[in-house]
Amino acid sequence: MPKIPTYTAQTRPTTETGSVTTNIQVSPFRTVAGALRPLGKAAEDYYIKQRDNNEKLESTKKFYEMKSESQKVIDKYKNNSDEFGSVDGYKKDFGEYKKQQLSQIKNRRVKKRLNLLLDAQQAEDIYNIKKNSFKAFEGESKEVYSTGQTTLANEYSITENPEIKNQKKQQRIELAKEYENTHNLGKVWLSQATKKIETDSLMIDVDKLIAREQYGAALKLIKQSDKSKIDSETLQKKIIKLQSNVAETSETNFHVGNLLKGVNSTIDTTYKKTSEKKVLKGLENVLFKQAENNKLSPQATFALVDQGFSRNGIVSPSYKNLIESGFNTGSTTTFDSDADVPKVLKEAVKVAEIADKTGRLNVYTTDEQERFYKNIIINKKILGMNDFQAIKAAKDFEINYEANLVKGASKQRRKTLEEIEEEFGQIKATNIGDVKSYAGKLYNIYIINGIDDNKAKDQVVEDIKKNIIVVDDYAYLTRDIEAFKSIGSVESVPTLKKYIIEQKLSEDEDAGDYYLRHNGGGQFEIRRKLDAAPVFDKDNNPMIFYPKDLSKFQTEQFESYKKREQEKAIEKQKRIQKIRKEEAETGAGF
């Protein structure tokens, strides 16, 4: 059999397998292990990215939390005008807070990221702090400037010394220069500020003269001023106002002067610059000044002022308002002690007492107001009460007035009214019903206050005689008598009434069948005596007139009278001349 050849190894045995070298390249990752290698890398990258996102979120969240706290610190120094102090305070306050917050973070990467965010934000925060401080500085500086200007202007206004005035004005100008230099406002601003100071100073001086009604001096001061330093628009407005003041004061003084003489020129007038309210106020001012100069008591002051108004058939607005205000508070306020009584009511009572003595209470009051004050006066005068007791009793009286009408005194009341009717019946007062009604109200006041029947009757008769006058068979109350003073006097009623009847109705009408009355509302009217019915003129208009209407009738009546007298004189002269001519022709004159 054939022999098998043998081979003897020349090298050491190895576990490596033989290989065949080819041109084919095989990727090492095509094995199972090689295929899994990219997946591990991707997982590692995902892990790192997710970690970064979480840390970024954590640091950002903490950043905004700390930013909110930073804003609180910024707001703390918002109104601090000291820029350096504000910045240092912010760094200290927020620095301590930042250090404390960072110490609680263990993750170094989060802490580092947060630090970067905070460092970037700090520059903006400091900028805002500086901006706030500057705004606060501007605000404080402006306030200090405004206060300084106001203070110096006030000091200027209260002095009459020209040197001090000039000194204060220059201080205001220097203050404006300092303010402009601090804020770099420019020459234009300083020029306008200086002109405003010059204008203000002139206006202060002018207004003081106007307040004293020294209008000529005020105009002279304006004319002498340096127009280049004064705001022209302000100056023009002041001149126009000054001219208006002159016209208003002149017109007001004209009427006030007439009223002081007892001539009411306000009737049937058309005001150009002033008004009735200003005229009456002007009259009051003159009369109050007279009382002050003579150091009169409050009661004597009222008597003086009221006398000045009464001669013109009008009342003082101030005292009328006082009496009305006193009544309103007295009828609504509860009084448990003297301290509860309002001051205005006490003052009104003093005035009412003087008005009652002069017979003018009826003029200043309505029926209800007159009853209230009359009650107080009776309580003090007849029953001996003090002010508090009298006022409290009068208030209680008003509350229970209807319930307290005493039926037991009806007999004596009837006798009183009969006496009143007899008294005024003898002088043919056609409106005896009005008189009796007024007397009945007075009687009730006395009786309800516990005054004896006979005393009450006597007092009522006395009051009626004092407060009523009969003219043209008509009984006029004091308040109505005063109203007729605005057209002269109540005694002129008969002739005035006759003229109105002739003009508005017919010359054939008997004027004795009518009467002219004041209706209490600032109006006058013609009524029939027989039935007191309203009367309509020939044009079917109610015969109701205002004071200016009656004034016009008076003027027409006077002109008509003069014309008739002139015609009579002419006719008489013609007759005389005719007689003389006839005598001359016949020789009878020789």
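## The β3-β4-β5 sheet

In this predicted model, an open sheet is built from 3 strands in the order β3-β4-β5, with antiparallel pairing. The edge positions are taken by β3 (514-518) and β5 (544-545); each has a single partner strand, so one side of each is left without a neighbour in the sheet.

Between β3 and β4 (residues 524-528), the antiparallel pairing extends over 5 bridges. Within this pairing, L516 lies opposite I526 of β4. Helix α19 (residues 493-504) packs on the sheet and touches β3, β4 and β5. The direction of α19 makes about 110° with that of β3.

## Helix α4: span and ends

Helix α4 (residues 162-183) comprises 22 residues, which at 1.5 Å a residue should span 32 Å; the end C-alpha atoms are 32 Å apart, in agreement with that expectation.

After the helix comes N184, which has a positive phi, near 50°.

The buried residues of α4 are K165, K168, K169, R172, I173, A176, Y179, E180 and H183. Viewed down the axis of α4, these buried residues fall within an arc of 140°, and therefore line one face of the helix.

The cover over the buried residues of α4 includes α3 (108-158) and α5 (187-211). On the face of α4 turned away from the buried side are the exposed residues E163, E178 and N181.

How values were computed
Residues are numbered from 1 along each chain as its sequence is written. This is a predicted model: local features need pLDDT of at least 70, side-chain atom pairs count only at pLDDT 80 or more; totals for chains, interfaces and linings use all residues. Side-chain values use heavy atoms; hydrogens and water are left out. Two strands pair if DSSP finds at least two bridges between them. Helices (H or I, at least four residues) and strands (E, at least two) are DSSP runs, numbered from the N terminus. Contact means heavy atoms within 4.5 Å. Axes are lines fitted to C-alpha atoms, for helices over the stretch in contact, and angles run from 0 to 180 degrees between N-to-C directions. The expected span of a helix is 1.5 Å times one less than its number of residues. Buried means under 20% relative accessible area, exposed over 50%, partly exposed in between (1.4 Å probe, protein chains only). The arc is that of the directions from the helix axis to the C-beta atoms.
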